[in-house]
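Me: Got a structure I'd like to go through with you. Can you take my questions one at a time?

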Amino acid sequence: LRKIIKILSDISNQELFLFGESIIDIYSKLDVLNKSGKGSVLNFSEDKSTVYLGGVLSVANIISNFINKITIFSYLGEDKKYFSMINKNLPKNIKFNFYKKKRSPTIEKKRYIDVYSNKKIMGIYNVNDDFIDENIEKKIISQISKIPKNKLILTYNYGHGFFTKKIIKSFSKKRTCFKSVNSQLNSSSIGYHSLSKYPNFDFLCMNEVEIRHELRDRNGDLGYLIKKFSEKNDATYIMVTRGKKGLILFNKKKKKFYTAPGFANIINDKVGAGDSTIPIISICLMNKVDEELSILLGSIFAAESLKHEASNFNFSKNQLLDTIETMLKI
């Protein structure tokens, strides 16, 4: 425990640069009424709606108690509809650089949830997946070039037009920084998604479905697939999350696997659980913390995330240490 306390103290002064799409998650609770008397339509009454910060905004919030200085680069819609809400709900140690995407709304992902079962029934997204324009692209590339040496860069590609080819290429030139990427396969990116277009990154994170999709292999041994993928990619670390089965981390240089189980005993919402593991694991690996301890911390973050709706939680250092202390006693 003393070792972990020292690690958390050492990493707190690390500066983090976070790139990706800002998302507003809206959860609407529905109470089923009955089938319509005039057609085969199931009717609901809307109980309440709750709005949360999602995407890179959620990621920044989650890690803000552990890193003193975080800078976000993202885009909002033309009307900047949620700007005041974002400004109000992000901690003071987070600096944000938002660009206005033309002919685009701020990304809204609305999920309808059955009150009785707490299960999602349907999702309706308000999003423009076109790439950002050339003017914004140039501004972002300029900002990437100004990032000092030996900093941590986290990139979250949700598939909504932030990461152009030129922006991805500009990251590959930052060889003196530790760079992590999470590129999601989702309803927007399926058919266009590929993990092969991120050269010179240090850490790649994906889930098991994504690596199987990448290699077009539904049933093959996961360890074999990770090694096969690593042959095509120069990342030192490849991490695959597996839901309740935990996660696997592969160190390409050491040619060694590390595993952590899933610790969640309460599962309210899976949204953002994988995202929440990446910052703490990345910063630990960057600072030469051993792999098993790094993924232990990441798995605890994921378990905490699963307890909360839309990955909306504030995890303090003391809460993390209390969790670890309890685990060690067991």
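What follows is a short chat about strands, core and charges.

Me: Before we start, what kind of model is this, and how are residues numbered?
Reply: This is a predicted model: local features need pLDDT of at least 70, side-chain atom pairs count only at pLDDT 80 or more, and totals for chains, interfaces and linings use all residues. Residues are numbered from 1 along each chain as its sequence is written, and side-chain values use heavy atoms, with hydrogens and water left out.

Me: OK, strand E1. Buried or exposed?
Reply: Buried means under 20% relative accessible area, exposed over 50%, partly exposed in between (1.4 Å probe, protein chains only). Strands (E, at least two residues) and helices (H or I, at least four) are DSSP runs, numbered from the N terminus. In E1 (residues 15-20), 6 of the 6 residues are buried, so the strand is largely enclosed by the rest of the structure.

Me: Which residues sit on each side of E1?
Reply: Glu15, Phe17 and Phe19 are on one side, and Leu16, Leu18 and Gly20 are on the other. Both faces are covered. In a regular strand the side chains alternate between the two faces of the sheet.

Me: What does E1 pair with?
Reply: Two strands pair if DSSP finds at least two bridges between them. E1 pairs with E4 in the parallel sense over 5 bridges. 5 bridges also join E1 to E8 (residues 152-157), again running parallel. Phe19 stands opposite Phe73 in E4, and Phe17 stands opposite Ile153 in E8.

Me: Tell me about Phe73 then. What does it touch?
Reply: Contact means heavy atoms within 4.5 Å. Leaving out residues up to four places away in sequence, Phe73 touches Phe17, Leu18, Phe19, Gly20, Asn97, Tyr99, Gln143 and Phe162. Phe73 is buried, with a relative accessible area of 3%.

Me: And which strand does E4 pair with over 7 bridges?
Reply: That is E5 (residues 94-100), parallel to E4 (residues 69-76). The chain goes from E4 through helix H3 (residues 83-89) to E5, a right-handed β-α-β crossover. Right-handed means that, with the strands pointing away from the viewer, the path from the first strand over the helix to the second runs clockwise. In this pair, Ile70 stands opposite Ile94 in E5.

Me: Switching to the core. Which residues touch the most other members?
Reply: A nonpolar core is a set of buried Ala, Val, Leu, Ile, Met, Phe, Trp, Tyr and Cys residues joined through side-chain atoms within 4.5 Å. The largest one has 93 residues, and Phe19, Ile72, Ile140, Phe203, Ile280 and Leu320 touch the most other members. Helix H8 (residues 273-286) gives the largest share, 7 residues.

Me: What's around Phe203?
Reply: Beyond neighbours within four places in sequence, its contacts include Phe178, Val181, Tyr237, Met239, Leu249, Ile278, Ile281 and Leu285. Lys179 and Ser282 are also among them.

Me: How about helix H2, buried or exposed?
Reply: Buried: 8 of the 8 residues of H2 (residues 56-63) are, so the helix is largely enclosed by the rest of the structure.

Me: On to charges. How many salt bridges?
Reply: The structure holds 14. A salt bridge is a side-chain nitrogen of Lys or Arg within 4 Å of a carboxyl oxygen of Asp or Glu. Glu15 forms one with Lys151, with the closest N and O atoms 3.4 Å apart. Glu15 lies in E1 and Lys151 in the loop between H4 (134-145) and E8, so the pair ties together parts that are 136 residues apart in sequence.

Me: Which residues are in the network with Glu15?
Reply: Glu15, Lys69 and Lys151 are linked in a network of salt bridges. Glu15 counts as buried at 14% relative accessibility, and Lys151 does at 19%.

Me: What does Glu208 pair with?
Reply: Glu208 forms a salt bridge with Arg212, with the closest N and O atoms 3.0 Å apart. Both lie in helix H6 (residues 208-215), 4 residues apart, about one turn of the helix. Glu208 also meets Arg242 in a salt bridge (2.9 Å, N to O). Arg242 is partly exposed, with a relative accessible area of 25%.

Me: Last one: where is Asp275, and what is its nearest opposite charge?
Reply: Asp275 is in helix H8. Asp275 is buried yet has no salt bridge, and the nearest side chain of opposite charge, Lys109, is 8.7 Å away. Here Lys and Arg count as positive and Asp and Glu as negative; His and the chain ends are not counted. Asp275 touches Val59, Tyr156, Tyr158, Asn182 and Gln184, not counting residues up to four places away in sequence.
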